[in-house]
Amino acid sequence: LSLSVSPPSDAELPPDEHAPGEGPQLSELSGIFVEKPGSVTATKGKDVTFVAKVDSSTLTRKPTMKWLKGKWLDLGSKAGKHLQFKESYDRNTKIYTYEMSIIKVVDGDAGGYRCEVTSKDKCDSCTFEVSVQAVQEDQQDNILEAFKRSGDAGEDAGDLDFSALLKKRARKQEGPKEEVDVWEILKAAKPCDYEKIAFEYGITDLRGMLKRLKAMKKVETKKSDAFLRKLDPAYSVDKGKKISLTVEVADPDAPIKWFKNGQEIKPSAKYVFESVGNKRTLTINKCSLSDDAAYECVVGEEKFTVFGGILLSGGRGMKDGVELTRDTAGSKYRFKKDGKRHILIINEATTDDTGMYYAFTNGGESKAELEVEEKELEVLQSIADLTVKSAEQAVFKCEVSDEKVTGKWFKDGVEVQASDRIKMTHIGRTHKLTIDDVKPSDAGDYTFVPDGYALSLSAKLNFLEIKIDYVPHQDPPKIHLDTSGTGNKNTIIVVAGNKLRFDVEITGEPVPTVCWMKGDSAEGRVRVETRKTLSSFVIEGAEKQDEGLYNITVTNPAGEDKASLIVKIVDVPNPPENVKCTSVGEDSATVTWDPPPYDGGVPIKGYLMERKKVGSARWTKLNFDVYESTTYEAKKMIEGVLYEMRVFAVNGIGISQPSSNSKPFMPIAPTGEPTRLTVDDVTDTTCALKWRPPEKIGAGGIDGYIIEYCKEGSDQWVQANEKLVDKTQYRVKDLPVGEKMLFRVIAVNIAGRSPPATLTQGVTIREIMENPKIRLPRNLRTKLITLVGEKVNLVIPFQGKPRPVVTWFKDGVLLEDKTVGTRTSEVDTILFIRSAERTHSGKYTLSVQIENVSDSADIFIQVVEKPGPPIAVIVTDVWGFNAALEWKPPKDDGNCDIIGYTIQKADRKTKEWFTVYEHNRRPSCTVSDLVMGNEYSFRVFSENICGLSDDAGISKNTAVITKTGLARVVEPFKEKDRSSSPKFTAPLVDRSVIAGYTAAISCAVRGYPKPKIIWMKNNMIIGEDPKFLMQNNQGVLTLNIRKPSLFDGGRYSCRAINDLGQDEVECKVEVRVLQEKAEEAKK
């Protein structure tokens, strides 16, 4: 162990060590603490609490509190059982209270602390000290209990605390003791007790003790059959490293156990067990002082013990009985370890550091005495005599060996006082006396006397007076312009927004007057700064309007000089304009734009383009090198997706703002040509064409079609339609008669025109004679049956050229019925009836005629409805359980044949009808399986293709099924007495409700006659109070309490009364207030 002392002149604290509370301070400190924590002296093992209060009435947001130890250790991360933090807020006073509690103070808690509070732009901090004193109690008899660890997180937490061993204590008066053989005690003791016995009997060399004990046991110990190789007697490892203990066992399958100080070790991240063949290894990771113990390896009854030691990095010591640790040493002492050497460094040693120093380890102790002598003050540089002229500066300077020494300056025995002209400074070891603007009265003897030393340094100040005759000199003013590097002569180019400063050197005697002008006026945003030989021309944030001619004029009595400056402001260009898409392809588009109206004063170098999908916010660059043209073809786009483009202009200054987005465009390819183009009809001046859509349409779809024609042999195509045609047919009109014409059709979409579909042969424009022919639809070739009231709409196509004459007949007579309408076109005719009636039934004949040629077709229409009821329904015979019925067909058959009848029966008692027969074709039937003793009625429905008749024919007589000798005795009906007194079937239940929230209580009652209900609160009848709503739904009684308050709590009862008696139920309703509302109510 060595002791190193550094002298005060060379001692410096490491950059990471500061005195407690001396951290870097915030820029703005404001006193926002109402109460600050103070320094305390805490008793070891006791609790201590520190309180800080902060006024938040002037703060814009909640303050943040930090508790720090030393310079930077944030105690908030150490919160737990040992350190506890608490925060509270008083709404009335707007004061935050912060508390920090140290539970069971230990020596390591001593030191400097700091609390910092911050809130946006305000902050404040305060420092306090914590000292720890020991508990005044008798020393423990067992010295091993003095070894404690700081913290309370288990055996691995903190560092070993030797403070209990190093404190001064009175020695006990011990009487004579009997001589004891320590080695016999050690041989009989367990290995875990070796350390205790060593301290008890004053053995400090533990490793030597173990070696001797091992040699003594070699004679007595029998060779173990379980172990092939045992543990070494002792191991040593540095703190924080890992160590492996290895043994070899005879039986590779034998289980082993590891023990530490007699307690079994379980596998964990710290203790790792390994088994490879006969080898058994215990690895201890991150060794600390708590691992300094005796370890045992046990196989059955065979065991072997080892005691391992760990060296402590840093060490602990004592000076004159006062313990020195890392926490209590502060910045005065530093601990250092170099291999096995432990060094104590004392910074800035003084005479107070004289004394005896001790160092303790678990293997013994060492001591050394330190003496500090006073250091003599040496003069490194003395002051010298000075001779100065009037108005000059005089400086006396001296340097001494100790930079902490202060002193005083004297002139002719009188102490010099500092003033605006006389200044005294002390920087390090140098002391200066500075006299500005020396006067004759400053001459004299000057002396510097260091404080506390019998030493003085003297020098003399001599004043030299010089007389000079001044002759005024005049020199004409001259302007010296330097515009090198700015291009043209006297031209200054500056980027818009930058600061322009141009310094103009001016000569002349006397100093000339400077005048700056912009054009012919003195206006402008120019700021002029003038010094003796320099005039500065300054423009803050140059703008376009600052551009122009500036003139500078300098004058003095000897003459005048002028100069001109041209200021040119350059900027990034304006964005391009009129960005638009002119054409698109399958995966490309052509975009054009106009150059920017203002190029920024610098020629445009080119353009940058970007594109994005409509609805997206992500722009994609299309070029990285500037593009000089104003037309660009963008490629690699997705067909059918809408895109937008924007363009940037680039000049020598930079890139402009983006242009406005182009209108959305979609890359699409033109469609394929239309297919199957044919001529549908030709007249003297028209031609009707038909075609099919293109096979390839694409994402752009089809906007329409263009039809063009030209004379055969010519290439002058004429567009027939002004607007696009949506349908796939078109009649071209106004064609010349007899000419042979060619036709073609072109599909159009947003991408443009498709390839044309052209007729292969010419068409002669001349009407073709065609005989008339009716194409009667298949469904009209048979009789058309429809219901009364339904619509009839018959479309019958025909053909014939020229247009035939169409005539309608009904039953051979010309159709003149106004309720039947007809409409005829060139290719078909329509017969429609809005509401069909039975009179519309009959044969309709359509005739089409061209000159003497005609064609006709007959259409039969039958309008039907439901039939009427059968008539004369009678029971003709009754025998056994059977009855015979007969009836006559209905008078109205609904204009169609009757296809059957439906017969139903009904018992006179129940009067419910049941179907007996359906679709009965004959006008008679026999009903069987009738019940004896019942009397039956019968009814019959007629049925046609429209369904059953709406009314039925009811039999005039009934069928009675009787049995001779039996008579039915009918007892009179006796109504049951349902009268009963009120009785509650569901009681009221106690409720606990929240104030302000509507609540309800319910119960159920039965009784006849209907009972009267009375609600009561605390035995008082609730009347027409709007706060209460009483409901009775089929015997379920509900009382609604609207937004109850604390006064609505109590006992509620419900009473039911009728002529036969009464019944009553009750419950308790408790109204409680939420905690938040309760606090607001108190405030």
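Let's start at Pro1009, which sits in the loop between strand E80 (999-1008) and strand E81 (1012-1017). Strands here are DSSP runs of E with at least two residues, numbered from the N terminus. The peptide bond leading from Tyr1008 into Pro1009 is cis, with omega near 0°.

Before I go on, a word about what we are looking at. This is a predicted model, where local features need pLDDT of at least 70, side-chain atom pairs count only at pLDDT 80 or more, and totals for chains, interfaces and linings use all residues. Residues are numbered from 1 along each chain as its sequence is written, and side-chain values use heavy atoms, with hydrogens and water left out.

Now, where is Pro510 found? Pro510 is in the loop between strand E39 (500-509) and strand E40 (513-518). A cis peptide bond joins Glu509 to Pro510, and omega is about 0°. Why point these bonds out? Because most peptide bonds are trans, and most residues other than glycine have a negative phi.

Ala391 is not a glycine, yet its phi is positive, about 70°. You can find Ala391 in the loop between strand E29 (386-389) and strand E30 (394-400). Is Ala391 buried or exposed? Ala391 counts as exposed, because its relative accessibility is 51%. For the cut-offs, buried means under 20% relative accessible area, exposed means over 50%, and partly exposed is in between, using a 1.4 Å probe and protein chains only.

Asp734 also has a positive phi, about 55°, although it is not a glycine. Asp734 lies in the loop between strand E55 (729-732) and strand E56 (740-749). With a relative accessible area of 70%, Asp734 is exposed.

Next, salt bridges. A salt bridge here is a side-chain nitrogen of Lys or Arg within 4 Å of a carboxyl oxygen of Asp or Glu. How many salt bridges does this rule give? The count comes to 24 salt bridges.

Let me show you a few. Arg646 and Glu610 meet through their side chains in a salt bridge, at 2.8 Å from N to O. This pair links distant parts of the chain, 36 residues apart, with Arg646 in strand E50 (residues 643-651) and Glu610 in strand E47 (residues 604-613). Arg646 and Glu610 are both buried. They also belong to a network of salt bridges that links Glu610, Lys621 and Arg646.

Asp681 forms a salt bridge with Arg731, and their closest N and O atoms are 3.0 Å apart. Again distant parts of the chain are linked, since Asp681 is in strand E51 (residues 675-682) and Arg731 is in strand E55, 50 residues apart. Asp681 counts as buried, at 14% relative accessibility, while Arg731 is partly exposed, at 26% relative accessible area.

One more pair: Glu712 forms a salt bridge with Lys740, the closest N and O atoms being 4.0 Å apart. Glu712 is partly exposed, at 42% relative accessibility, and Lys740 is partly exposed too, at 40%.

Let me finish with the largest nonpolar core. A nonpolar core is a set of buried Ala, Val, Leu, Ile, Met, Phe, Trp, Tyr and Cys residues joined through side-chain atoms within 4.5 Å. The largest one has 23 residues, and those with the most contacts inside it are Phe33, Phe50, Val54, Met65 and Trp67. Among the strands that each supply at least two residues of this core are strand E4 (48-55) and strand E5 (64-69).

Terms used
Helices (H or I, at least four residues) and strands (E, at least two) are DSSP runs, numbered from the N terminus.
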